[in-house]
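Open the model in your viewer and keep the selection panel at hand.

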Amino acid sequence: MTLALIAGQGGLPPQLVRVMLARGEVPVVCEIEQFPSDVKGELPRLGFRLETLGTFIATAKEIGVTRICMAGAMRRPPIDPSKIDAATLPLVPKVQAALTNSGDDSTLRIFTEIFEEAGLEVIGAAEIDPSLLPPEGVTGNLPDDVEQDIAVAEAALADLAAKDAGQAVVVRGGTVIAREDARGTDAMLSDLCPETPDHGISHDPFEMMGDMLDSVADWLSGPVAEARAAEDTSEGGILFKAPKPGQELRVDMPLIGLGTVMRAAEAGLAGIVIEAGGVMLLDPDGVAEVLRAQGMFLWVRPRTAS
């Protein structure tokens, strides 16, 4: 029952490795050659390129891999046709279809199909670490107009879902002011933030590594966070994030983390709404500290019927 962790970049793969090692499981860390992960330490490793995907699958099975988890930020690497090996040739049409597909969910579905057809079980990050799924409930105080903003957000996400184009929107005063695109949630939020020094603190939820509490303390002592806490510079509005209807959550479950909440605070938002069971939360302690210090809320909202 060996698990291969196809590790993208940022903080999610290291979190999964920590959880597995703590219970005595040792994953095989698999990395796309062009995009090494942030997983450190002496662990079994297997590097590959998409041009050698067939050989990678065969090698993984030879060393006893029966399950695969894809986790972390992954970009579409360039393909060098001259590097495609014989074992991968039969997969080329599917790989090509995956890389030319405009939507991440559709792309990851194709790779999931490739692995399952090879006899490998594909599991989600939340199956490895169920604590990534926060319980339903509210942290902080909900504003009076939050339901109005949520209704607008849900309609906007339905439009994005039809295009497989994003999983998050920002709504303020009943108006959509930002929609997630291929750059991701934090880039969308950054567009709404004032130009300020970042003090070396990453705002990517996948990249918040090391001592989280020190990172929070450093950020909270920065000019934007101090000004908001002291002068109530919040402009209101919400970040709403949820999976698309029918989304393949094993390989494409949305995630928010410490960087997301910091950016939402810098953008002047009142809080964040996510769907219970459909959005993972990385570093809940750090997130709670920022919410508390900035007077923001997080609502893990019950899933609505599709």
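Helices (H or I, at least four residues) and strands (E, at least two) are DSSP runs, numbered from the N terminus. This is a predicted model: local features need pLDDT of at least 70, side-chain atom pairs count only at pLDDT 80 or more, and totals for chains, interfaces and linings use all residues. Residues are numbered from 1 along each chain as its sequence is written, and side-chain values use heavy atoms, without hydrogens and water.

**Stop 1: the sheet.** Select the six strands of the open sheet, in the order S6-S13-S11-S9-S7-S8. Pairing is mixed; two strands pair if DSSP finds at least two bridges between them. From one strand to the next, the twist averages 20°.

Stop 2: Zoom in on S6 and S13 (297–301), an antiparallel pair with three bridges. Glycine 137 has valine 300 of S13 as its bridge partner.

**Stop 3: the helix.** Now select H6 (146–162). H6 packs on the sheet and touches S7 (168–172), S8, S9 (238–241), S11 and S13; contact means heavy atoms within 4.5 Å. The directions of H6 and S7 make about 145°. Axes are lines fitted to C-alpha atoms, for helices over the stretch in contact, and angles run from 0 to 180 degrees between N-to-C directions.

**Stop 4: the lining.** Which helix gives the most to the lining of the second largest pocket? H6 does, with four residues. Strand S11 (271–275) also supplies at least two.
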